[in-house]
Amino acid sequence: MSPCCSFRWGMVLTIVIGGLGLLAFFMVNGDTEPNPSSSSLSSMAESPPTYHENIASILHESCSSCHRPDGGAPFSLLSYKNARRRGRQIVQVTKSRYMPPWKAEPGHGEFEGARRLPDETIELLEAWVQGGMKEGDPAAGPPPPQYTEGWSLGEPDLVIQMKKPFKIPAEGPEIFRRFGIPLDIPEDRYIKAIEFRPTSPDVVHHVFIMRTNANRQGNGDGLGFEGELLEGWTPGAITKFLPDGVAKHLKKGDTIVLRSHFRPSGKIEHEQSKIGFYFGDPPKRALTGLRLRNNKIDILPGEDGYTVSDTVVVPADTDAIGIAAHAHYICREVRATATYPDQTTEWLLLIKDWDFNWQEHYRFAKPVFFPKGTVLNMEYVYDNTASNPRNPFDPPRRVRYGQLSTDEMAILYIEALLKDDADLPLFKNLLIQGKNAGKKEASGKPK
Ligand code: HEC
């Protein structure tokens with residue numbers, strides 16, 4: 001198993017966004033979500049919208065999870081004053097659909113918590129700004145939502161932290177390290193959510209949170225590679241609870257191992273990561289993973305449209321609950337489909353403007369049933385030209401598969417619930433065999 005992204009279990013979504021290319025991310029119409037705040041659009045001409053009556057609820061619901069003190073975004077949007085100061089910019093970034101960040105194309109897989117504003121909401125924000133950003137009556141609007149400082153899901157049941165800070169030099173190569181943190185739980189627990197909080201977010205490229213019952217600890221060396229992956233993280237990750245009846249098992253005596261990847265930031269920094277665990281009931285069904293990947297990546301400088309694929313046949317009936325793609329900077333498009341035994345093909349995920357900094361663990365709005373024999377397919381397309389604003393090399397260089405962030409990867413990870421727990425070994429074997437996959441061709445094109 002490679003020390004980097006070999007087995008992705010968790011969600012990935014990062015905060016820092018680069019590149020104006022995103023501003024070109026204009027979207028098609030087709031939102032049907034009703035938005036209560038936009039009901040008064042027709043009467044807007046006579047009385048312009050006000051912050052408290054029309055705008056606060058939008059910003060609270062769609063922006064404040066990140067735009068709050070300590071929420072990951074660079075400024076808060078919780079008050080009238082804050083919103084007013086940013087009015088024009090808010091219109092700009094919502095119209096271009098740069099904000100709220102959401103990369104999955106509508107109509108290609110349905111996801112829980114899709115952060116996509118309906119057109120009417122965007123118009124309402126614009127009408128508010130054009131109407132002079134009126135405040136309105138504070139009594140007419142909702143109070144700002146309450147957040148527990150630091151933790152997005154409220155106070156965790158258990159918080160652990162790296163034993164001592166780890167120093168990351170100002171410059172030099174990227175650093176891969178493992179850190180053991182022994183747990184002190186009196187009995188087995190069942191994890192409903194894990195939140196990771198870096199103390200120096202600028203230097204943490206990603207972290208895998210694993211559990212092992214080998215009692216190892218310390219900073220750095222000597223930790224084994226074994227262990228079960230519980231969660232993957234990149235900066236800005238949005239923590240979600242697992243669905244009802246699903247949980248990950250933490251055993252008495254376990255040690256948590258962080259597999260951390262650091263990137264020097266230009267100044268000396270010290271990282272002492274914290275992890276919060278939320279516990280719940282034992283699971284009713286076993287959770288497993290299906291992974292597609294292709295490590296045979298070799299892209300010449302100037303090459304556009306380079307494509308790799310992989311295919312996996314689902315070995316037993318499952319219900320897919322989540323999907324996460326992983327690639328680095330020059331990937332442009334991510335396509336994932338399922339072809340069922342009756343030969344119909346359905347989109348699972350389409351990202352047309354892949355951004356390393358906005359990776360996400362997508363949770364399906366409803367579980368997607370894969371009967372045994374369903375063929376899962378992924379295709380990743382890369383753009384290694386100078387006109388790709390996210391290309392880390394100027395002029396472009398040959399890019400191959402590898403662990404550094406300037407190398408490339410192609411991984412698709414699907415979380416699935418088993419119909420029958422006894423099928424678990426079939427999925428484990430598949431993960432082992434699939435290690436250097438990248439052989440078969442796509443089998444079916446979605447309409
Ligand atoms: C999932 C987290 C998240 C959500 C939700 C979110 N933002 Fe942001 N926003 C960020 C981060 C991180 C940045 C800073 C990085 C950047 O500028 O891209 C940012 C930057 C911005 C900027 C500055 C852009 C620039 O060019 O400097 C504006 C304006 C903004 N957000 C408005 C909004 C509005 C309005 C909403 C809700 C409709 C929203 N954001 C929702 C995370 C979020």
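Predicted model: local features only at pLDDT ≥ 70, side-chain atom pairs only at ≥ 80, totals over all residues.
Reader: How many helices and strands does the protein chain have, and what makes a run count as one?
Author: Helices are DSSP runs of H or I with at least four residues, strands are E runs of at least two, and both are numbered from the N terminus. The protein chain has five helices and 21 strands.

Reader: How do you know that the span of helix H4 agrees with its length?
Author: The expected span is 1.5 Å times one less than the number of residues. H4 (residues 119–130) has twelve residues, so it should span 16 Å. Its end C-alpha atoms are 17 Å apart, which agrees.

Reader: Which residues of H4 are called buried, and why?
Author: A residue is buried if 20 or more other C-beta atoms lie within 10 Å of its own, exposed if 12 or fewer, and partly exposed in between, with C-beta atoms placed from the backbone. In H4, Thr-121, Leu-124, Leu-125, Trp-128 and Val-129 are buried. They cover an arc of only 135° around the axis, so they sit on the same side of H4. The arc is taken over the directions from the helix axis to the C-beta atoms.

Reader: What covers the buried residues of H4?
Author: The cover includes helix H1 (51–62) and helix H3 (87–95). Contact here requires C-beta atoms, placed from the backbone, within 7 Å. The cover of the buried residues of H1, in turn, includes helix H2 (80–85) and H4.

Reader: What makes a set of residues a nonpolar core?
Author: Its members are buried Ala, Val, Leu, Ile, Met, Phe, Trp, Tyr and Cys residues, joined through C-beta atoms within 7 Å. The largest such core has 43 residues, and Val-334, Leu-349 and Tyr-380 have the most contacts inside it. Strand E19 (375–383) is among the strands that each supply at least two residues. E19 gives the most, with six.

Reader: Why is strand E7 called largely enclosed?
Author: Five of the six residues of E7 (residues 228–233) are buried, so the rest of the structure largely encloses it.

Reader: How do you know that E7 has a partner?
Author: Two strands pair if DSSP finds at least two bridges between them. Strand E5 (residues 204–212) and E7 have five, in the antiparallel sense, so they pair. Arg-211 stands opposite Glu-228 in E7.

Methods
Residues numbered from 1 in each chain as written. Contact = placed C-beta atoms within 7 Å.
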